[in-house]
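Here is a walk through one protein model. Keep the sequence and the 3D view side by side as you read.

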Amino acid sequence: MAGELVPKKITREQLERIIQRAAELQAGEMDTGEGMTEQELLKLGSDVGIPGRFLRQALYEESAGAGGLERGPLARWVGPRTVMAQRVVPGDRAALEQALTEYMTEEEAMTPKRHLPDRTVWERQKGLFAEMRRGFSLQGKAYHLARAADVSVQLNALEDGYCHAELSADVGNHRGNAVVGTAVLASLGAIGAVAVALVPGLQVLAFAPLLGGLGLGALVVRDYRRRAERMQTALEQVLDRLERGEIRSRPRLAGPRLSAFGRIADEIKRSVEDVAQTLRQPPGGPRSGGPPSIPRSPKAP
């Protein structure tokens, strides 16, 4: 029809600005004071047509980002103390918690350190068998998570069939070693610079030891950053397997269940016992000193 207005298309950038402005206007009509609770946020999202799953996911991501973001000169110079990974994964919270518990215990050689209301903190398993398991690494596993001071696992239900999973690893033990190592190398470089400066004719080379110490310290810092990156990758790999359903709780069988390492140890123990029993038997069999046994003839029918 002549003169009819053609509907104007809204670009993605305009859509984002419009939704943001509409949310601001909607929030302005509500008496939120300095902030709002989670329930008020969910109600506001429901009013503007945003599903609660996405609001909860954004809320958990915001909390994780704010809590895990470390500021300060040490974090900028050496690196963060905590690395984390987060993702929305399919599954029920109880089933995912059980699956991650079995995975952390059997696959990562870790044990619960603390059971908090919102998360579980894991630490490296201690003991001879745990150290042998990590040392031999029969399947070629690196056990990166067990190298952290602790690993925190948090699951939050978004809606039926989906959870927000957050894994964070405290690598402050490695960062502390990097800081101490860098400080020692820099101090040795400074002492060397002073010693060289006191030698007549070598004052020109006084800065060489200091530069060498600082250079070695930079290598120590770079090594820590690589460790943190490997830890980050290990956390992401756990979420990858959890998202694909490769980490799942196995049905419990009747009686105690031995791990693969335990089964191997049990087989070795039985083999040693069989050999020892054979060596204890005298030559010729256990009845070599007595009269030979006469086989019995079958009874006549």
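Start with the word pocket. On a 1 Å grid over the protein atoms alone, a pocket is an open set of points with protein on both sides within 12 Å along at least five of seven lines. A cavity is a set of points where a 1.4 Å probe fits but cannot get out. Lining residues have an atom within 4 Å of a point. Grid points are joined across faces, edges and corners, and a volume is the space filled by probe spheres set on the points.

The model is predicted, so local features need pLDDT of at least 70 and side-chain atom pairs count only at pLDDT 80 or more, while totals for chains, interfaces and linings use all residues. Residues are numbered from 1 along each chain as its sequence is written, and side-chain values use heavy atoms, with hydrogens and water left out.

Now turn to the second largest pocket. Its volume is about 240 Å³. The lining counts 14 residues, and Arg119, Val121, Asp150, Ser152 and Ser168 lie nearest the centre. Two or more lining residues come from each of strand 1 (82–90), strand 2 (110–115), strand 4 (150–159) and strand 5 (162–170). Strand 5 gives the most, with four residues. Helices (H or I, at least four residues) and strands (E, at least two) are DSSP runs, numbered from the N terminus. By class, the pocket lining has six charged, four polar and four nonpolar residues. Here Asp, Glu, Lys and Arg count as charged; Ala, Val, Leu, Ile, Met, Phe, Trp, Tyr, Cys and Pro count as nonpolar; the others, Gly among them, count as polar.

What about enclosed space? The structure holds one cavity of 30 Å³ or more. About 80 Å³ of space lies in the largest cavity. Its lining is made by His144, Arg147, His174, Arg227, Arg230 and Met231. Three of the lining residues come from helix 8 (residues 207–244), which gives the most.

A salt bridge is a side-chain nitrogen of Lys or Arg within 4 Å of a carboxyl oxygen of Asp or Glu. How many does a search of the whole structure find? The search finds eleven. In one of them, Arg227 pairs with Asp223, and the closest N and O atoms are 3.1 Å apart. Both residues lie in helix 8, four residues apart, about one turn of the helix. Arg227 is partly exposed, with a relative accessible area of 35%. Asp223 is partly exposed too, at 36%. The scale is simple: buried means under 20% relative accessible area, exposed means over 50%, and partly exposed is in between (1.4 Å probe, protein chains only).

Arg93 is partly exposed at 30%, and Glu97 is partly exposed at 34%.

Elsewhere, Arg241 and Glu246 meet through their side chains in a salt bridge of 3.5 Å, N to O. Glu246 is partly exposed at 44%, and Arg241 is partly exposed at 28%. A network of salt bridges links Arg87, Glu236, Asp240 and Glu243.

Next, look at Leu242. Is Leu242 buried or exposed? Leu242 counts as buried, because its relative accessibility is 2%. Leu242 belongs to helix 8. In sequence, Leu242 and Gly91 are 151 residues apart, yet their C-alpha atoms are 9.2 Å apart in space.

Ala109 sits in the loop between helix 5 and strand 2. Ala109 is not a glycine, but has a positive phi of about 55°. At 0% relative accessibility, Ala109 counts as buried.

Ile10, Leu15, Ile18 and Ile19 make a nonpolar surface patch of about 370 Å². Patches are made of residues with over 30% relative accessible area and no salt bridge: like charges are joined within 9 Å, nonpolar side chains (Val, Leu, Ile, Met, Phe, Trp, Tyr) within 5 Å. Accessible areas come from the Shrake-Rupley method with a 1.4 Å probe; for residues, only the protein chains shown count as cover. Leu15 is found in helix 1 (residues 12–29). With a relative accessible area of 42%, Leu15 is partly exposed.
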